[in-house]
Protein chains: 2
Amino acid sequence: MTYCVAMSLHEGMLFASDSRTNAGVDNVATFSKMSVFEVPDGPHQRCIVAVNAGNLATTQNVISQLRRKTAQATAEEKHILNLPSMFDVAEHFGQVMKSTIAHVEENQLSQSSVDFTCTFLVGGQIRDEPPRLFRIYPQGNFIEATSDTPYFQIGESKYGKPIIDRVVRPETPMSEALKSAMVSFDSTMQSNLSVGLPIDVLVLKRDYLKPSLRYRVTEDDAYFQNIRKAWGQGLRQVFQGLPQPDWFKS
Amino acid sequence: MTYCVAMSLHEGMLFASDSRTNAGVDNVATFSKMSVFEVPDGPHQRCIVAVNAGNLATTQNVISQLRRKTAQATAEEKHILNLPSMFDVAEHFGQVMKSTIAHVEENQLSQSSVDFTCTFLVGGQIRDEPPRLFRIYPQGNFIEATSDTPYFQIGESKYGKPIIDRVVRPETPMSEALKSAMVSFDSTMQSNLSVGLPIDVLVLKRDYLKPSLRYRVTEDDAYFQNIRKAWGQGLRQVFQGLPQPDWFKS
């Protein structure tokens, strides 16, 4: 399983992804699920971030193909590093995903029950454009985050959704949003063993066109340990403070 | 969807079930998901409670068959109202479920993608036996709650699981357990529209052999409204009190 979240806020964008990959409980490994595509300056200046859920072979294949297209392109060919808008990037991404999944599925062994699909959250900013965030489906189509729903989750999303729903609005400060993401990961990891540390975090402030923060939350991270403990204690305190049901007399 | 929870505590047993049934978002209705089988006195004295998730037609069919067996039985035939132990009740329940599901599936239209299965939580107490709680699978087999895991959930269980995990132990007082169940339903209903009020609640105190509480939590229930509001405010307060990540400077 996987848990990734991405938010599009007034202050900029936030991406966070866990790094546990498992094929059965006896085959667990660490793979980063975050990829960054950067052009640091020039007319095509941009920073694009992708986080993924789903079949590991397929997601690695998609990322490899996107990178190969940038390396092998002729001057006229369009790819993720020179497409003129984030909308075009999302379309390109979706097409590569769709054709990769179709190719893998065509060549699968018959009767295989393996799910070869994947889903990506892709966001970022291209020079002279506002930041935009997309959720790209295995079919290649996509939806965009808006002020009504400024965030997307993929993978094991249920346990970590309530806190984000309660806290995150487009005007939420980045530090608050990061805090909510950490609580959200804590809730998820408490309940699903297949989501695990380290967590890759990336912040893309509006109009900076490069990461303001790239950070890996490991088991030794004092802040994350602190949050986990304080959140659990706080929940229990709030719960203790709630009244008992008046319709039950013990 | 559905959300039901049952707990087996030192003080007794607690059952709670929502009552929303839906076949698509445009076809929503209210059906209680709780059934009670009682023998108020005599050598077979007992109180057995079942809550269900899954296909409504199948669950109603199972309950009808269990009741019909009690009405039509000869003096020697065993049924839910005279079986000697809760283990036998769980086995009987499982057999009726399994044969009902098999019968419905045999007679289904080919190519139908409807899921005809169901799952039950069945618990209660029979005179001269301790209370026991079982989770019965569509295959007819079952597991029993223990002091390590004193509760079961069925249906949309993820949103409401964390609070129960944090709070409920076998020694938890019934009023605390009821409170945790109400918070658990609140979390679930906040995030899944297909789980809805009213909530049927039943408490079976140890050795009473009859319900100590049968209560229906409706939209007008002042306690539930109060809990929902106070829990949301409390969560936001705890969140506000958590420190900002020290590895991010805004």
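Buried area is the accessible area that two parts lose on being put together, summed over both. Keep that idea in hand as you look through these views of a predicted model.

**View 1. Chain A and chain B bury about 4,500 Å² between them.** Carbon and sulfur atoms give 68% of that area. The contact involves 48 residues of chain A and 48 residues of chain B.

**View 2. A salt bridge links Lys158(A) to Glu156(B).** Their side chains meet with N and O 2.8 Å apart. Between chain A and chain B the count is two salt bridges, and there are also 14 residue pairs in polar contact.

**View 3. Helices and strands of chain A build the side that touches chain B.** Helix H3 (161-167), helix H4 (174-191), strand E11 (199-205), strand E12 (213-217) and helix H5 (222-241) each supply at least two residues. H5(A) gives the most, with 12 residues. Sorted by kind, the residues on this side of chain A are 25 nonpolar, 10 polar and 13 charged.

**View 4. Ser19(A) sits in a loop of chain A, between strand E2 (12-17) and strand E3 (20-22).** Is Ser19(A) buried or exposed? With a relative accessible area of 0%, Ser19(A) is buried, because buried means under 20%. Further along the chain, Ser19(A) touches several residues, among them Phe31(A), Lys33(A), Gly196(A) and Pro198(A). The backbone oxygen of Pro198(A) lies 2.6 Å from a polar atom of the Ser19(A) side chain.

Note on methods:
Residues are numbered from 1 along each chain as its sequence is written. Chains are lettered from A and ligands numbered from 1 in the order in which they are written. This is a predicted model: local features need pLDDT of at least 70, side-chain atom pairs count only at pLDDT 80 or more; totals for chains, interfaces and linings use all residues. Side-chain values use heavy atoms; hydrogens and water are left out. Helices (H or I, at least four residues) and strands (E, at least two) are DSSP runs, numbered from the N terminus. Buried means under 20% relative accessible area, exposed over 50%, partly exposed in between (1.4 Å probe, protein chains only). A polar contact is a pair of N or O atoms within 3.5 Å; within protein, one must be able to donate a hydrogen and the other to accept it, and residues adjacent in sequence count only if both atoms are side-chain atoms. Contact means heavy atoms within 4.5 Å. Buried area is the accessible area (1.4 Å probe) that two parts lose on being put together, summed over both. A salt bridge is a side-chain nitrogen of Lys or Arg within 4 Å of a carboxyl oxygen of Asp or Glu. Ala, Val, Leu, Ile, Met, Phe, Trp, Tyr, Cys and Pro count as nonpolar, Asp, Glu, Lys and Arg as charged, and the others, Gly among them, as polar. Lists of a residue's contacts leave out its neighbours within four places in sequence.
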